[in-house]
Amino acid sequence: MITERDWSQLEVDWHANGKTIRRIYPQSFQEIFIAVRHPDGARMLTLAVSTKTVGDILRRIHGLPATRGLEMQFARLDNVKGELRVILTDPSLREVFSPLVSDIATTAEAEPNSADAVLAAVGRFERWRQMLQSLAESGLTPKSRRGLFGELLLLCDHLLSVLPGDEAV
């Protein structure tokens with residue numbers, strides 16, 4: 001699970017341009033990182049992917065999902081490498097961002113290749129987007145939404161690691 005402490009460690013290593021990164025799941029075939037972009041301090045999850053794979057994926061999915069406060073984009077690093085980025089654009093969503101990118105990273109890490117990892121990450125982002133949209137439409141207050149995310153975090157981080165899913169819920 002990605003925590004506030006992880007982000008704080010990246011934010012401390014501030015510099016004028018670029019980003020501070022840390023690889024998560026170093027044992028994985030997937031190159032998944034959390035990063036803080038400088039100088040604006042934007043938090044992001046990145047998933048390395050070849051530029052050829054990016055083109056293939058964009059033709060298949062017809063664009064990336066978007067939502068208020070969170071941005072998903074492909075960035076070309078050079079002629080061969082690129083990355084999928086999930087970027088926090090609204091700092092008021094910090095509490096939601098860590099569980100969201102933890103879930104996306106865990107989903108992508110389990111895939112056998114980078115194309116499947118990116119497709120899984122996009123699909124997971126879309127599921128979160130739909131959930132956040134339905135919560136906003138249901139009229140839950142910000143305090144209630146934080147409480148719900150806290151409950152989900154407890155379920156994911158503590159209960160599901162020691163109990164089967166049907167017992168944890």
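Predicted model: local features only at pLDDT ≥ 70, side-chain atom pairs only at ≥ 80, totals over all residues.
**Cavities**

For my own reference, on a 1 Å grid over the protein atoms alone, a cavity is a set of points where a 1.4 Å probe fits but cannot get out, a pocket is an open set with protein on both sides within 12 Å along at least five of seven lines, and lining residues have an atom within 4 Å of a point. Grid points are joined across faces, edges and corners, and a volume is the space filled by probe spheres set on the points. I noted that residues are numbered from 1 along each chain as its sequence is written, and that side-chain values use heavy atoms, with hydrogens and water left out. I also noted that local features need pLDDT of at least 70 and side-chain atom pairs count only at pLDDT 80 or more, while totals for chains, interfaces and linings use all residues.

The largest cavity holds about 50 Å³ of space, and I found Ile32, Leu45, Thr46, Leu47, Leu84, Val86, Ile104, Ala108 and Ala121 in its lining. Strand E3 gives the most to the lining of the largest cavity, with 3 residues; helices (H or I, at least four residues) and strands (E, at least two) are DSSP runs, numbered from the N terminus.

**The sheet and its helices**

I then followed the strands, which form an open sheet of 5 in the order E1-E2-E3-E5-E4, with antiparallel pairing; two strands pair if DSSP finds at least two bridges between them. The edge strands are E1 (18-24) and E4 (70-76), each of which pairs on one side only. I counted 7 bridges joining E1 to E2 (residues 32-38), and within E2 the bridge partner of threonine 20 is valine 36.

Helix H3 (residues 94-109) lies across E1, E2, E3, E4 and E5, at about 20° to E3, whereas helix H2 (residues 51-61) lies across E3 (43-50), E4 and E5 (81-88), at about 100° to E3. For these angles, axes are lines fitted to C-alpha atoms, for helices over the stretch in contact, and angles run from 0 to 180 degrees between N-to-C directions.

**Phenylalanine 97**

Why do I count phenylalanine 97 as buried? Phenylalanine 97 counts as buried because its relative accessibility is 1%, and buried means under 20% relative accessible area, exposed over 50%, partly exposed in between (1.4 Å probe, protein chains only). Phenylalanine 97 is found in helix H3, and not counting residues up to four places away in sequence, it touches Trp7, Arg43, Met44, Leu45, Leu70, Val86, Ile87 and Leu88, where contact means heavy atoms within 4.5 Å.

I put the second largest pocket at about 400 Å³, and its lining divides into 11 nonpolar, 2 polar and 4 charged residues.

Terms used: Nonpolar A, V, L, I, M, F, W, Y, C, P; charged D, E, K, R; others polar.
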